[in-house]
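Here's a quick briefing to read with the model open in your viewer.

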Amino acid sequence: MSMSRRALAAAAVALVLPLSACGSGGDDGGGTDASGKVEGDITFQTWNLRANFKPYFEGLIADFENAYPGTHVTWVDQPAEGYPDKLSAEAAGGTLPDVVNVSPDLVAPLARAGLALDLDKAAGTYKSEYLPGAWASHRIPGMKGTYAFPWYLNTGPLFYNKALFRQAGLDPEQPPKTYDELFADALRMAGRSDGKVATLANVPTIEDFGRYGVPLMNEQGTGFAFNDPKGVELLTRYKQLYDAKALDPQALTATGESAGKKFLTGAVAMNPGSALDLGNFKKNAPSLYRNIGITDQITSTGHVNMYVMGVMVNSRTRHTPAAVAFAHFVTDARHQMSFAKKVAIFPSTAGSLDDPYFTKEDGTDETRVRIAAAKSLKNAVNYTPVLFSEQMKTALRNEVAKALQGKESPEEALDNAVSAADRLLRQG
């Protein structure tokens with residue numbers, strides 16, 4: 001299982017959650033006071049983790065119960081497919097577990113429905129234990145508070161094909177570091193190959209607009225703003241790439257997997273990825289592996305994008321001290337480091353990324369990628385707004401496609417995308 005893919009695929013809860021929805025503890029829940037005795041039975045729900053990590057979580061729960069006699073944790077794991085709908089149904093039906101594995105976009109509707117505990121109030125003493133960007137990732141625009149403990153993070157470099165760079169007359173040891181260099185190199189590669197080799201295989205997403213320095217949303221959280229001049233500029237540049245075949249012609253319908261296959265077969269020269277991809281290259285594309293280049297994400301802001309998972313506490317739990325204590329236990333530095341050594345993810349706790357596991361080279365590409373990613377995560381941000389739902393992502397993608405095909409101007413396309421996203425925001 002690819003952790004980065006799970007984070008990327010996190011979908012928003014589509015249904016509107018009623019404010020009267022109650023959690024597993026009922027309406028007479030434990031409130032926001034987490035200072036009492038840690039005791040009682042609580043339920044912990046994860047997202048598609050049992051198959052690969054059952055011994056880890058069983059050991060984690062046993063350690064917690066030993067540390068806090070009088071507690072009992074029931075672990076429930078839900079499949080990846082349909083998880084947002086499952087959360088919505090649990091919230092509406094009053095069966096939401098005490099402690100829940102969420103992503104920022106999943107916690108947003110729960111927080112707005114009053115079902116996510118504000119950790120700034122209930123557990124603010126733990127804030128300094130986490131990276132600032134990670135703690136901030138579960139804040140909701142227009143609301144005060146933080147609504148989940150940050151758990152594991154992921155990010156990745158850009159991979160590039162040195163052989164394709166060489167064939168285009170580009171220095172394979174000097175990959176693009178800025179957007180100006182990226183677009184210039186992409187146009188040169190398309191020209192040298194008569195349009196047979198594209199540099200990129202994906203259309204710009206909300207995350208790409210964020211990395212380009214486009215303001216995505218107003219501070220009040222009441223409307224989107226990515227149709228500003230800088231957003232139009234980015235889409236205009238992508239239109240130039242598309243017309244020159246420097247952007248793969250199938251990018252309009254590409255998925256992460258299809259773009260990865262394009263890179264694997266040498267049809268595109270650059271693709272984002274993670275340390276998990278290197279083993280795939282080595283096994284399935286040895287010639288690519290021999291020519292693989294690794295460089296940093298391109299960003300105009302100085303901050304790379306991160307994907308983040310969190311652990312939310314149900315505000316209606318009857319056992320607030322136990323639920324908060326367990327959520328913190330799952331996400332503390334010791335347990336995050338333990339989990340990070342079992343799978344290619346990164347801890348969100350302050351100081352953990354300075355561990356030799358994330359800083360000491362051993363000559364392997366896998367370690368090189370891990371070290372580079374860990375370094376970039378220290379000041380990374382989650383660019384995707386927590387209120388940007390799957391429906392909004394679809395609306396943006398559709399409008400981007402119209403602009404690239406010349407059916408609308410970049411200005412018209414982004415105006416329409418913002419109007420659609422704002423309309424969906426009001427409906428929510």
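Tyrosine 152 sits across from proline 347, which belongs to strand E9. Keep in mind that this is a predicted model. With that said, here's the tour, beginning with the strand pairings around E4.

- E4 and E9 (residues 346–347) pair up antiparallel, with two bridges between them.
- E4 also pairs with strand E8 (residues 307–313), again in the antiparallel sense, and here there are four bridges.
- In that E8 pairing, asparagine 154 stands opposite tyrosine 307.
- How many of the residues of strand E4 (residues 149–154) are buried? Six of the six are, so E4 is largely enclosed by the rest of the structure.

**The three-stranded sheet**

- There's an open sheet of three strands in the order E6-E5-E7, and the pairing is antiparallel.
- Strand E6 (270–272) and strand E7 (292–295) are the edge strands; each has a single partner strand, so one side of each has no neighbour in the sheet.
- Direction ignored, neighbouring strands in this sheet are turned by 25° against each other on average.
- E5 (residues 158–161) and E7 run antiparallel and are joined by four bridges.
- If you want a residue pair to look for, asparagine 161 stands opposite isoleucine 292 of E7.

**Helix H3 and its buried side**

- Which residues of helix H3 (residues 83–93) are buried? They are Tyr83, Pro84, Leu87, Ser88, Glu90 and Ala91.
- Those residues cover an arc of only 165° around the axis, which puts them on the same side of H3.
- That one-sided pattern goes with a bit of helix geometry: an α-helix has 3.6 residues a turn, so residues three or four places apart point the same way.
- What covers the buried residues of H3 includes strands E1 (40–47), E2 (71–78) and E3 (99–102), plus helix H4 (104–112).
- After H3 comes glycine 94, with a positive phi near 75°.

**Helix H2 against helix H14**

- Helices H2 (residues 50–67) and H14 (residues 320–331) pack with their axes 11 Å apart, at an angle of about 130°.
- That angle makes H2 oblique to H14.
- On the H2 side, the contact is made by Leu60, Ile61, Asp63 and Phe64, and on the H14 side by Ala322, Ala325, Phe326, Phe329 and Val330.
- As for handedness, H2 passes H14 in a right-handed crossing.

**Arginine 211**

- You'll find arginine 211 in helix H9 (residues 206–211).
- Is arginine 211 buried or exposed? Arginine 211 has a relative accessible area of 12%, so it counts as buried.
- Leaving out residues up to four places away in sequence, arginine 211 touches Tyr179, Gln297, Ile298, Thr299, Ser300, Thr301, Asn305 and Tyr383.

**Alanine 267**

- Where is alanine 267 found? The loop between helix H11 (256–264) and E6 is the place to look.
- Alanine 267 has 23% relative accessibility, so it counts as partly exposed.
- Alanine 267 and threonine 199 are 68 residues apart in sequence, with 8.3 Å from C-alpha to C-alpha.
- Not counting residues up to four places away in sequence, the residues alanine 267 touches are Lys196, Val197, Ala198 and Lys262.

Notes
Residues are numbered from 1 along each chain as its sequence is written. This is a predicted model: local features need pLDDT of at least 70, side-chain atom pairs count only at pLDDT 80 or more; totals for chains, interfaces and linings use all residues. Side-chain values use heavy atoms; hydrogens and water are left out. Buried means under 20% relative accessible area, exposed over 50%, partly exposed in between (1.4 Å probe, protein chains only). The arc is that of the directions from the helix axis to the C-beta atoms. Contact means heavy atoms within 4.5 Å. Two strands pair if DSSP finds at least two bridges between them. Axes are lines fitted to C-alpha atoms, for helices over the stretch in contact, and angles run from 0 to 180 degrees between N-to-C directions. Angles under 35 degrees count as roughly parallel, over 145 as roughly antiparallel, 65 to 115 as roughly perpendicular and the rest as oblique. A crossing is left-handed if the near helix is turned anticlockwise from the far one by less than a right angle, and right-handed if clockwise.
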